[in-house]
Amino acid sequence: AKRFLSSCAGGSIGSYTDSCGLKMLRKDVAQFLSERDGFPCDWQSIFISNGASDAIKNILTLIASGEEGCKRAGVMVPIPQYPLYSAANMEFNMYQIDYYLNEDANWTLSEAELERAMDEAKGKCQPRALIVINPGNPTGQVLRRKDIEIVIKFAARHKMVVLADEVYQFNVFSPDCTFHSFREVLQSMGKDYAHRVELASFMSVSKGFMGECGIRGGYTQLTNFLPEVRDELYRMLSTRLCSNLAGQVVLDTIVRPPRLHDPSFQKF
């Protein structure tokens, strides 16, 4: 608590922070991702938000074209899906490209279905983004590494941004399932993909063992986004001043949990 307060202006969580979030918190998130994925993470690629929903809408705002008809941005969305995505697509006047998960195969996705959806969208929009919810909501599936590789290769082939909604990453209870982050898999696929595919991944304090839905805290991590795009996101976030500090406090406790030999570790 003292460490966090010392990073706040005036030592108070009633103060403003940088628009992208407290520097200390962004560094803690980057350290968490570095340890989780096995690849170093630049803290300046972290953007703190009022929950994952807020973060997702920020990225969709960047993707929206502002055009009409066949010039609208197209966004691929899994069906069944969390309704945030269809609502945001309507708000930003984007064309929703539905791809269907296979219920008979534990709600997994397939390359053939992705290509089918893409083919059907031709002439109706400008496909720009592919959304994946992993672990799934409402379906609960956990994507295998090879499934994630299929998505990344598809995105590279069609020059699309991947939006990885990973807010349920702590909600994996089956011994037969292992959570793999999109960032981890992307970075392990070699330079043809690791340095090429644009990825925005999201996390929230609302899910997992935390369930602090009303506090509103989350982050976006951007991989392979051009500096000019990051700058545009920064300018956009500046208009809302900053995300709430209570949410930033809770987020920091999640990405920086008690370590072995810390006084609260045993209870944690």
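I searched the whole structure and found two cavities of 30 Å³ or more. The model is predicted: local features need pLDDT of at least 70, side-chain atom pairs count only at pLDDT 80 or more, and totals for chains, interfaces and linings use all residues. Residues are numbered from 1 along each chain as its sequence is written, and side-chain values use heavy atoms, with hydrogens and water left out.

I took a cavity as a set of points, on a 1 Å grid over the protein atoms alone, where a 1.4 Å probe fits but cannot get out; lining residues have an atom within 4 Å of a point.

Largest cavity. I read a volume of about 60 Å³. Its lining includes Pro78, Pro80, Tyr99, Leu101, Asn137 and Gln141. By class I noted eight nonpolar, four polar and no charged residues.

Second largest cavity. The volume is about 40 Å³. I listed Phe47, Ile48, Ser49, Ala55, Asn58, Ile59, Thr220, Leu233 and Leu237 as its lining. Strand E1 (46-49), helix H3 (51-63) and helix H9 (227-238) each give two or more residues. Helices (H or I, at least four residues) and strands (E, at least two) are DSSP runs, numbered from the N terminus. Six lining residues are nonpolar, three are polar and none is charged.

Surface. I then looked up a nonpolar patch: Phe209, Leu260, Phe265 and Phe268, with about 450 Å² of accessible area together. Patch residues have over 30% relative accessible area and no salt bridge, and nonpolar side chains are joined within 5 Å. Leu260 sits in the segment after helix H10 (245-255). Leu260 counts as exposed because its relative accessible area is 56%, and exposed means over 50% (1.4 Å probe, protein chains only).

Methods. Patches are made of residues with over 30% relative accessible area and no salt bridge: like charges are joined within 9 Å, nonpolar side chains (Val, Leu, Ile, Met, Phe, Trp, Tyr) within 5 Å. Accessible areas come from the Shrake-Rupley method with a 1.4 Å probe; for residues, only the protein chains shown count as cover. A salt bridge is a side-chain nitrogen of Lys or Arg within 4 Å of a carboxyl oxygen of Asp or Glu. Buried means under 20% relative accessible area, exposed over 50%, partly exposed in between (1.4 Å probe, protein chains only). On a 1 Å grid over the protein atoms alone, a cavity is a set of points where a 1.4 Å probe fits but cannot get out, and a pocket is an open set with protein on both sides within 12 Å along at least five of seven lines; lining residues have an atom within 4 Å of a point. Grid points are joined across faces, edges and corners, and a volume is the space filled by probe spheres set on the points. Ala, Val, Leu, Ile, Met, Phe, Trp, Tyr, Cys and Pro count as nonpolar, Asp, Glu, Lys and Arg as charged, and the others, Gly among them, as polar.
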